[in-house]
Amino acid sequence: MNKKFYITTPIYYPSAKPHMGHAYSSIIADFFARFKKIDGHEVHFLTGTDEHGLKIQRSAEKQGVDTLEFCNKISQTFRDLSKTLNLTNTDFIRTTEKRHKKTVQHLWNELENNDDIYLSKYTGWYSVSDEAFYNEDEIEEVDGNKIAISSKSNVEWIEEESYFFRLSKWQKPLLNYYETHPNFIGPETRKNEVISFVKSGLKDLSVSRKSFSWGIKVPNNKNHIIYVWLDALTNYLSALNYPDTNDELFKNFWPASVHLIGKDILRFHAIYWPAFLLAAKIELPSRIYGHGWILSGEEKMSKSKGNILDPIEIINQYGLDPLRYYLIKEVSFGNDGNISQEKLEDCINSDLANNFGNLCQRVTTFAIKNCESKIPKRIEFQKEDLEILDKYKNNLDNIRKKIDNQNINFYIDYIVNSLFEANKYFNDQEPWKKKDNPLRLNTIVFTGLEIVRKISFMLYPIIPNSSLKALKIFNLTEKDINFSSIENNEFLAKDSEINEIDILFKKIEKKND
Ligand code: MSP
């Protein structure tokens, strides 16, 4: 196996327990990780928690607990959520770990040795909530409070000695990089925003703080701690054991294939991160993709707004796979999306229960009754069978391309259409009227079962548990799932047993039904 795929989620602030926005980033990353895995890649999938900085220090102080203990506790809830969401992450990094500190300090030294860091004084605005510096023209006053226009979070005035990274020096190389690597930033609209921001001029970036202590120390000046974003971004490298460039993880997986992030942190990933990497002479990741927000009542969820949606509550009520399916299907990927219970229930009833569940159930029940519970042995495809079967083969490379472009909506729409087509095929072919023509009946059943198999394979990255449940019909397990094999129209082992399966999705009774 030589194709490698390295995907990362943002590392989450353990300042409060996880919400739906965090779950969203992680579920989407898991979708890509699983897809690449069934498409023959060795996958490294990283998530974790971003534990330093004033935001975390203050959150711990508010509760009157030791900062590390505070982090331990909340970081664990993120780790637990990874399990609850059925993520296939291969690592979970915490920025308070030794392996991370080592990498950050090494990177700092590299930047300093290359004359990209100098000591001066920062005078300006800072948002603790965003852990970001803002220019005068990026803030406004509301009800006597200064806030950042983009995030609406409070800013405070800072005047302190600080190390600076020569970001201005990298303005031209960055613009050149964006131009020569048109796929570096996605989606396209966000890329344009980044480019115009960089074109408007980059100021050197303050990369150390002196007035608090919760962070990684600047190697040669213990009075300073390293800016939390320089610290946090480096997690993508420390998880691969950089600077040990001979380490298998680093050799195999750097540069990262995709850093999946929310749109609010694009500036850090698409400007600061590549600038740090260019300065340290490290290869840049292949792609940075900024997805939209999950809104709760038209607003981004946040603790301060009190409009947090708890993924665990939704999972307890509806189950994990319906939530995964819903978030992947109903949010137009790249844009913001509103979460609504009503739409989630519609998804369960129409797509999952009526469309997928029903297809599996009716084809299997018919096969069990009419084909002695076995995959038919003697078949002879006709034009109408091949027409529906070959579509998968003919779309294989197109689907791969769309995935590489993060076009998740294409993928799921493809599945939904295939389900409609498959149900229609079974209706139109009327196998129940072919009892006097066993060859035809068997061929229709075989075709139906093959489609169930192909679609279940394709659904695996979205609803892994339900896909595996459906594949029990054929005694297939996780290790059998292989995206390439959807081009094979005779994958199923002829004459082997077919199993009855439990109902895949229970329909939700809606009040106005
Ligand atoms: N710690 C930084 C990331 C450092 S990565 C080197 C951070 N953490 S966060 O916990 O505030 O947010 C993590 C991710 O969750 C971000 O990508 C953010 O966009 C995403 N979301 C937070 N709220 C969200 C929604 N309401 N909807 C979708 N995603 C949002 O930023």
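Predicted model: local features only at pLDDT ≥ 70, side-chain atom pairs only at ≥ 80, totals over all residues.
View 1. Two residues lie between E12 and E13, which together form a hairpin.

**View 2. Contact of strand E11 with strand E13**. Residues 208-209 make up E11, whereas E13 covers residues 221-226. The two strands are paired in the antiparallel sense over two bridges. On the E13 side, Ile225 is the bridge partner of Arg209.

**View 3. The open sheet E11-E13-E12**. Three strands form this open sheet, in the order E11-E13-E12 and with antiparallel pairing. E11 and E12 stand at the edges and have a single partner strand each, so one side of each is left without a neighbour in the sheet.

**View 4. Antiparallel pairing of strands E4 and E8**. Strand E4 spans residues 117-127 and strand E8 spans residues 156-165. Their antiparallel pairing extends over 10 bridges. Tyr126 has Glu156 in E8 as its bridge partner. In a regular strand, side chains alternate between the two faces of the sheet.

**View 5. The hairpin of strands E4 and E5**. E4 also pairs with strand E5, residues 132-134, in the antiparallel sense over three bridges. Opposite Trp125 stands Tyr134 in E5. Four residues lie between the strands of this hairpin, in which Glu131 takes a positive phi near 50°.

Notes: Residues numbered from 1 in each chain as written. Heavy atoms only, no water. Pairing = 2+ DSSP bridges.
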